[in-house]
Amino acid sequence: MLNQQIFMDEMKMIKYTYLNWSFNTSDEMQMRIWYGFFSNLNEEEFCRMVETYRTTNIHAPNSPNDLLMVLVEEDEKKFEDPHRAFAKVRQLIRDNGWQYGRQDIYDSIKGNPALYKTVKDMEPELRELTADDKFLPERFRKEYAVQLKAMCRRNRNAKLTTQQLPPSAPTGFLPYEK
């Protein structure tokens, strides 16, 4: 859970960067609502998000979602494009063999859920992959793109959903220095 003092400090940084920002840091309700959007982030993630937003946007955020979109965009950049993803899988199959190296292949791609699901769904076809197969690479790339888009949409929706503060959360924020 995000530390309230870190949250307050970073909100001050945004306020100092965008002098005409209408965000009222002394309004406890507004602070609780905005904090609810970020409370599930760790301190490093939150600070990186604020810093990235401040250095890449010329306009102040209109809503917490404007800030959260920075994380969503970073997440989407982490994944391979379909051509590189297929090349990676093809190389893993060549290096490990499908019959005996299947688990090694899955272990190598488990960090990319869209790629993992694509390989799992297309396992029967991938077992029969040949060097001159022209249809399978294109089908794989399309399937991977669909999986990647769905995964990014799920991640975006999860990040852009406000978090309810737990009942044990403090009711007031730390005093704000003007």
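Buried means under 20% relative accessible area, exposed over 50% and partly exposed in between, with a 1.4 Å probe and protein chains only. The model is predicted, so local features need pLDDT of at least 70 and side-chain atom pairs count only at pLDDT 80 or more, while totals for chains, interfaces and linings use all residues. Residues are numbered from 1 along each chain as its sequence is written, and side-chain values use heavy atoms, with hydrogens and water left out.

**Exercise 1.** State what percentage of the protein chain is buried.

Solution. The protein chain has 178 residues, and buried residues make up 37% of them.

**Exercise 2.** Describe how helices α1 and α2 pack.

Solution. Step 1: helices are DSSP runs of H or I with at least four residues, numbered from the N terminus. Helix α1 covers residues 4-17 and helix α2 residues 28-38.
Step 1: their axes are 11 Å apart, at an angle of about 110°. Angles of 65 to 115 degrees count as roughly perpendicular, and α1 and α2 are therefore roughly perpendicular to each other.
Step 2: with contact meaning heavy atoms within 4.5 Å, α1 contributes Gln4, Phe7, Met8 and Met11, and α2 contributes Met31, Trp34, Tyr35 and Phe38.

**Exercise 3.** Find whether Arg90 is with or without a salt bridge.

Solution. Step 1: Arg90 lies in helix α5, residues 82-96.
Step 1: a salt bridge is a side-chain nitrogen of Lys or Arg within 4 Å of a carboxyl oxygen of Asp or Glu.
Step 2: Lys and Arg count as positive and Asp and Glu as negative, with His and the chain ends not counted.

Technical notes
Axes are lines fitted to C-alpha atoms, for helices over the stretch in contact, and angles run from 0 to 180 degrees between N-to-C directions. Helices (H or I, at least four residues) and strands (E, at least two) are DSSP runs, numbered from the N terminus. Angles under 35 degrees count as roughly parallel, over 145 as roughly antiparallel, 65 to 115 as roughly perpendicular and the rest as oblique.
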